[in-house]
Amino acid sequence: MKTIYVDNNATTQVAPEVMEAMLPYFRDYYGNPSSMHTFGGQVGPKVREAREQVAELLGAGADEIIFTSCGSESDNTAIRSALATNPDKRHLVISRVEHPAIRSLAASLTKQGYRVTEVPVDSQGHLNLEKLQKSLTPDTAIVSIMWANNETGVIFPIEKIAELVRRQGIIFHTDAVQAVGKIPINLRDTAIDMLSLSGHKLHAPKGIGALYIRRGTKFSPFLIGGHQEQGRRAGTENVPGIIGLGTGCQLAKKHMDQENSRVRELRDHLEKELLYRIPNAVVNGDPLQRLPNTSNISFEFVEGESILLMLNEYNICASSGSACTSGSLEPSHVIRAMGVPFTMAHGSIRFSLSIYNTREEIDFIIDKLPPVIERLRLMSPFGNQGSNACTRE
Ligand code: PLP
């Protein structure tokens, strides 16, 4: 049975063009770019080209990009750099719906005496800008707000937030791991100081990421060692990964229109049909201010995990908004932060599409999911309630 992969916010398939571009750098040109000899030196221009390709997608300068091992490393580097370069400041501001790469770091920093303010979101997933503004103090070292949410796809007005933060003279970082490649970004015209991205979310491989650091931003490296990345990130470069990321960014730029038209249409078709066919289902997050590929839907009276398991029987790969922690099924912090009612929060499923999805695949999901929900509702302790509610409507 063919795999229908609609979990692209978790990770993406490596594009064939990316694979092709990388292969020679595993097989033939395996030199170390720092070596004195010609064999090592010949990979340098390819690394430079990749840096330019990443910068081009972001509307940045190549000298403003450093390569990292992943989005999490980029996030950690940005926050730790801001704290290290502002040693007298002990406060940071994040949103309540950040990825664990930011939230868990912030939680660990509180144990070291830092204060963290988590700015709340409303029921549509929008950030409360007034609360954000009020949270800024002379003690704030950095504000880090994600560009787009990984679970709901909700996009924050990052340019506006960056301006607001800059007016207070505070460093602004954005985790743009889900936004880069899906929506146009032009950093040249913004007040963003640092931005994180990750290769495996844009059809490049896992294990490669990048951090944009605006020219002139005070910076303190996270990894200390050799002089790679102009002393900003030690460690021998992941040359094939870097080349893969560069090619992935080049492809993302080429496919941006398709992402925002064809992929968006497929997502909207999926959503419209599921909501039409399945009673007691709602979309989580602002339906308009959203990534074009993401749909997060709550199906009342069922467990997200049960839906996923049954979809898995059809080789449909999606993801659930809840995580199973210490034996209890807790809805995700994002869905909880939006105040989604308990019976809805537990049944949330995220579909995240890519340019490789077809109309046939989406129609297959539309065909298979409604009877799955119906069956689960009959089995659930709330099943009859759910079914009755459906028939009454
Ligand atoms: N930030 C966001 C918003 C993400 O969605 C992810 C991955 O899911 C990360 C950070 C972490 O990226 P990586 O897996 O490259 O460490």
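Which residues lie nearest the centre of the second largest pocket? Of the 20 residues that line this pocket, H99, N150, V177, Q178 and K201 take that place. The model is a predicted one, so to speak of local features takes a pLDDT of at least 70 and side-chain atom pairs count only at pLDDT 80 or more, while totals for chains, interfaces and linings use all residues. Numbering runs from 1 along each chain as its sequence is written, and side-chain values use heavy atoms, with hydrogens and water left out.

A word on the terms comes before the rest. The search runs on a 1 Å grid over the protein atoms alone: a pocket is an open set of points with protein on both sides within 12 Å along at least five of seven lines, a cavity is a set where a 1.4 Å probe fits but cannot get out, and lining residues have an atom within 4 Å of a point.

The second largest pocket comes out at about 260 Å³ (the space filled by probe spheres set on the points, with points joined across faces, edges and corners). The elements that give two or more residues to its lining are α4 and α5 (100-110), and α4 gives the most, with 3 residues. Helices here are DSSP runs of H or I with at least four residues, numbered from the N terminus. By class, the lining splits into 6 nonpolar, 9 polar and 5 charged residues; Asp, Glu, Lys and Arg count as charged, Ala, Val, Leu, Ile, Met, Phe, Trp, Tyr, Cys and Pro as nonpolar, and the others, Gly among them, as polar.

This second largest pocket is also where the ligand sits, in the sense that more than half of its atoms lie within 2 Å of the pocket's grid points. There are 13 residues around the ligand, and S72, D175, Q178, S198 and K201 come nearest (a residue qualifies with a heavy atom within 4 Å). Helix α4 (residues 71-85) gives the most to this shell, with 3 residues, and the shell as a whole has 3 nonpolar, 7 polar and 3 charged residues.

S198 puts a polar side-chain atom 2.6 Å from an oxygen atom of the ligand. For H200, the distance from a side-chain N or O atom to a ligand oxygen is 2.9 Å, and for H99 it is 3.3 Å. Taken alone the ligand exposes 390 Å², and the protein buries 89% of that (Shrake-Rupley areas, 1.4 Å probe).

The largest pocket, at about 330 Å³, has 17 lining residues, with V47, R48, R51, E229 and E237 closest to its centre.

The largest cavity has a volume of about 160 Å³. Among its 18 lining residues, G181, K201, L202, H203 and E259 lie nearest the centre, and the lining divides into 7 nonpolar, 8 polar and 3 charged residues.

Definitions and conventions: A polar contact is a pair of N or O atoms within 3.5 Å; within protein, one must be able to donate a hydrogen and the other to accept it, and residues adjacent in sequence count only if both atoms are side-chain atoms.
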